[in-house]
Amino acid sequence: MARFDYGVTIFILTYSLVAVSGYRVEALLAMAQRRVCTIAIGVFMCLAVCVLVCPVWAGQELHRLTARSMDKLAGAVEACVEDYFADQPADGKQPPSDKAEGYKCVLNSKASEDSQANLARWEPAHGRFGFRDPYAQYKDVGAAMRHCAYCVEALSGFARSEIQTPEHVKRRLAGGCASVAARCALVLREASSSVATMTTSWELDLAVAEMNTAVQELQSDLRALPSRLAEEESPAAVLDAVQLFTVTSLLIEVSTRIESVVDAVDTLASLAGFRSSDVEDEASETEETKVKQPASDPDSDEPEKRHVEQV
């Protein structure tokens with residue numbers, strides 16, 4: 001009913017005007033006709049401006065919002081891990097960076113996504129968006145991103161916590177966590193590029209494979225760390241590293257949820273008919289080769305023909 005609230009308001013207003021003017025029975029029909037004409041003119045002007053003069057398509061806005069949210073989520077994953085492993089200030093309070101707050105845009109985007117998806121369902125075909133484009137799948141992509149953003153929010157909380165794991169213990173997993181965070185951000189950026197350009201590419205699958213490899217290496221380091229700390233330092237050092245274990249586990253969970261985002265993007269690409277970027281690259285290379293190839297001279301073969309005839 002929320003989509004039709006404006007129309008209901010206009011109907012109630014028109015009915016009220018007609019009811020109030022009921023004592024002028026002779027002008028009732030004329031007033032109703034004028035009111036209908038006024039509404040029709042207003043609708044026509046709105047459609048003309050929105051479609052011809054300054055088109056604002058809800059489908060395009062939803063499309064751009066999804067791509068921007070992936071980019072911000074990618075930056076937030078990297079920034080949160082960097083903030084956690086960065087040198088802590090003297091007062092023990094680490095202010096969050098601007099990129100680390102990017103997950104908040106993803107968490108707050110549900111209302112905009114639902115509104116734009118509902119409006120886009122009624123739009124005619126425009127640009128690369130056909131009529132009845134799978135706009136509902138954009139909401140599924142957004143839900144998968146929010147599911148991932150909740151873990152990133154938890155990571156951000158550990159980065160700002162006043163109680164931190166000792167720096168010499170953090171350094172044991174700093175390289176592995178940074179590698180996983182970079183691979184996770186790369187996967188999200190590749191998915192964002194796929195959505196923004198409406199193309200599919202093998203680079204996204206390669207980025208997911210590299211992310212999984214980095215996660216497996218980090219899991220191996222995480223399993224071996226407690227025994228190393230107990231042998232090299234003391235059993236109490238294992239308790240000091242509990243927060244580090246939690247942060248590492250959260251980062252591994254982030255990578256798992258990013259795979260869900262990739263699956264949602266693959267489903268969107270299948271439903272919306274995204275083109276393959278590899279085919280487009282081959283077509284562009286073929287066109288460039290044709291342009292660079294010099295035109296053949298029709299008179300260039302005449303000397304050879306004359307030489308053959310003389311022989």
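The legends below describe close-up views of a predicted model.

Local features in this predicted model need pLDDT of at least 70 and side-chain atom pairs count only at pLDDT 80 or more, whereas totals for chains, interfaces and linings use all residues. Residues are numbered from 1 along each chain as its sequence is written, and side-chain values use heavy atoms, with hydrogens and water left out.

View 1. Helices (H or I, at least four residues) and strands (E, at least two) are DSSP runs numbered from the N terminus, and along the sequence they follow the pattern α-α-α-α-α-α-α-β-α-α-α-β-α-α. Of the 311 residues, 34% count as buried, a term for under 20% relative accessible area, with exposed meaning over 50% and partly exposed in between (1.4 Å probe, protein chains only). With contact meaning heavy atoms within 4.5 Å, residues 24 or more positions apart account for 81% of the contacts that have a separation of 6 or more.

**View 2. The largest nonpolar core, which has 70 residues.** Such a core is a set of buried Ala, Val, Leu, Ile, Met, Phe, Trp, Tyr and Cys residues joined through side-chain atoms within 4.5 Å, and the residues with the most contacts inside this one are Met70, Leu73, Val152, Val187, Leu251, Val254 and Ile258. At least two residues each come from α3 (58–85), α4 (103–107), α5 (110–120), α6 (135–159), α7 (167–197), α8 (202–232) and α10 (242–272), and α10 gives the most, with 15 residues. Leaving aside neighbours within four places in sequence, Leu73 is in contact with Tyr103, Val106, Met145, Cys148, Ala149, Val152 and Leu188.

**View 3. Glu78 of helix α3 and its salt bridge with Arg189.** A salt bridge is a side-chain nitrogen of Lys or Arg within 4 Å of a carboxyl oxygen of Asp or Glu, and a search of the whole structure finds 9 of them. The side chains of Arg189 and Glu78 meet at 3.1 Å, N to O; Arg189 lies in helix α7 and Glu78 in helix α3, so the pair ties together parts that are 111 residues apart in sequence. Arg189 counts as partly exposed, at 33% relative accessibility. Not counting residues up to four places away in sequence, Glu78 touches Ala181, Ala182, Ala185 and Arg189, and the C-alpha atoms of Glu78 and Ala181, 103 residues apart along the chain, are separated by 5.3 Å.

**View 4. The salt-bridge network of Glu101, Lys104 and Arg160.** The side chains of Lys104 and Glu101 meet at 2.7 Å, N to O, while the closest N and O atoms of Glu101 and Arg160 are 3.8 Å apart. The pair of Glu101, in the loop between α3 and α4, and Arg160, in the loop between α6 and α7, links distant parts of the chain, 59 residues apart. Lys104 is partly exposed, with a relative accessible area of 39%, and Arg160 is partly exposed at 35%.

**View 5. The aromatic pair of Tyr84 and Phe85.** Rings of Phe, Tyr and Trp (its six-membered ring) pair if their centres lie within 6.5 Å, and planes under 30 degrees apart count as stacked, over 60 as edge-to-face and the rest as tilted. The count by this rule comes to 2 aromatic pairs; Tyr84 and Phe85 form one that is edge-to-face, 5.0 Å centre to centre with 90° between the planes, and both residues are buried.
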